[in-house]
Amino acid sequence: MNQGAQGSAEARAAQMPGAPQVRGEARVPAQPGAAEVGRVRGEHTHSEPPIPRPRAAVQRSSVRGQILDALRTALVTGELAPGEVYSAPALGERFGVSATPVREAMQQLALEGAVEVVPNRGFRVVRRGARELAELAEVRALIEVPVMLRLARTVPVERWADLRPLAEATVRAASSGCRATYAEADRAFHSAVLSLAGNEQLVHIAEDLHRRSQWPLIGAAPGRGRADLIADAAEHAALLDALIARDLDVVRALVGEHFAGAS
């Protein structure tokens, strides 16, 4: 075959579907189109139009986070009652989302000890008694009191003054009478205090204990009354005053009473 005939044969072959593409001296097999991929996988494309790429990836993790926050609030307020079983599809319908982010959030709550998995049914809210709540208060005191006493000796006065707005926020939250709102403000204040120690693991552990201490007891009322929340919040300002004055005895007494009152 002469050179011209050979070139024509290669040109005709290159035009055939699935023929290798010539790139310099390397021959790379042509990539199959969407329709061909569909046939290979046994899928029917029905000449579907191409789907444009989304402008931004869907942040499913943000949906899961929002559902997790909503479920934690429902636990604190008693909307999710101890001992009751809740399914992910039913909760998803309530929140207007699919069951998937609800199930993922519930699995996180199961890791935290708030719920337990019930096969083929859903998740049961854990029943808790007064003894468990008292134990949590004791553990929180064992962790936080020594840290606060150390901070009282070393943290400059102006750093404590910076936390005054957070203490005032707990009073406003308590005045609303909403237990979930107060729990979040209370957690923010205690986390800010402990963060001055520069130990992230300490803050994470303390936050987990705080959440556990806020779950309602089995057969108990929906939560402490507004007056109790306001009294609890007032202790934050008193604690700041003691920390600024470096009065270690008062700090120790206030923190112990604070956790005992929370139980």
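Reply: Confidence first: the protein averages a pLDDT of 79, and 73% of the residues score at least 70 (pLDDT is the predictor's confidence in each residue, from 0 to 100). Over residues 9–59 the pLDDT is below 50, and beyond near neighbours in sequence this stretch has 20 contacts in the model (contact means heavy atoms within 4.5 Å). This is a predicted model, where local features need pLDDT of at least 70 and side-chain atom pairs count only at pLDDT 80 or more, while totals for chains, interfaces and linings use all residues. Residues are numbered from 1 along each chain as its sequence is written, and side-chain values use heavy atoms, with hydrogens and water left out.

Now to H9. Helices (H or I, at least four residues) and strands (E, at least two) are DSSP runs, numbered from the N terminus. The axes of H8 (residues 164–176) and H9 (residues 179–195) come within 8 Å and cross at roughly 165°, which makes H8 roughly antiparallel to H9. Axes here are lines fitted to C-alpha atoms, for helices over the stretch in contact, and angles run from 0 to 180 degrees between N-to-C directions. Angles under 35 degrees count as roughly parallel, over 145 as roughly antiparallel, 65 to 115 as roughly perpendicular and the rest as oblique. The H8 and H9 crossing is left-handed (the near helix is turned anticlockwise from the far one by less than a right angle). Among the residues making that contact are Leu 166 and Ala 173 of H8, and Tyr 182, Asp 186 and Phe 189 of H9. By class, the contact has ten nonpolar, three polar and one charged; Ala, Val, Leu, Ile, Met, Phe, Trp, Tyr, Cys and Pro count as nonpolar, Asp, Glu, Lys and Arg as charged, and the others, Gly among them, as polar.

H9 also packs with H11 (residues 226–245), at an angle of about 15° with the axes 11 Å apart, so H9 is roughly parallel to H11. This crossing is left-handed too. Tyr 182, Asp 186 and Phe 189 turn up again, joined by Arg 179 and His 190, and they meet Leu 229, Asp 232, Ala 233, His 236, Leu 239 and Leu 240 in H11. That contact has six nonpolar, two polar and three charged residues.

As for the sheet, three strands form an open, antiparallel one in the order E3-E5-E4. E3 (85–86) and E4 (115–118) stand at the edges with a single partner strand each, so one side of each lacks a neighbour in the sheet. Two bridges join E3 to E5 (residues 122–125), and four join E4 to E5; strands pair if DSSP finds at least two bridges between them. Arg 124 in E5 stands opposite Val 85 and is also the bridge partner of Glu 116. In the hairpin of E4 and E5, with three residues between the strands, Asn 120 takes a positive phi near 65°.
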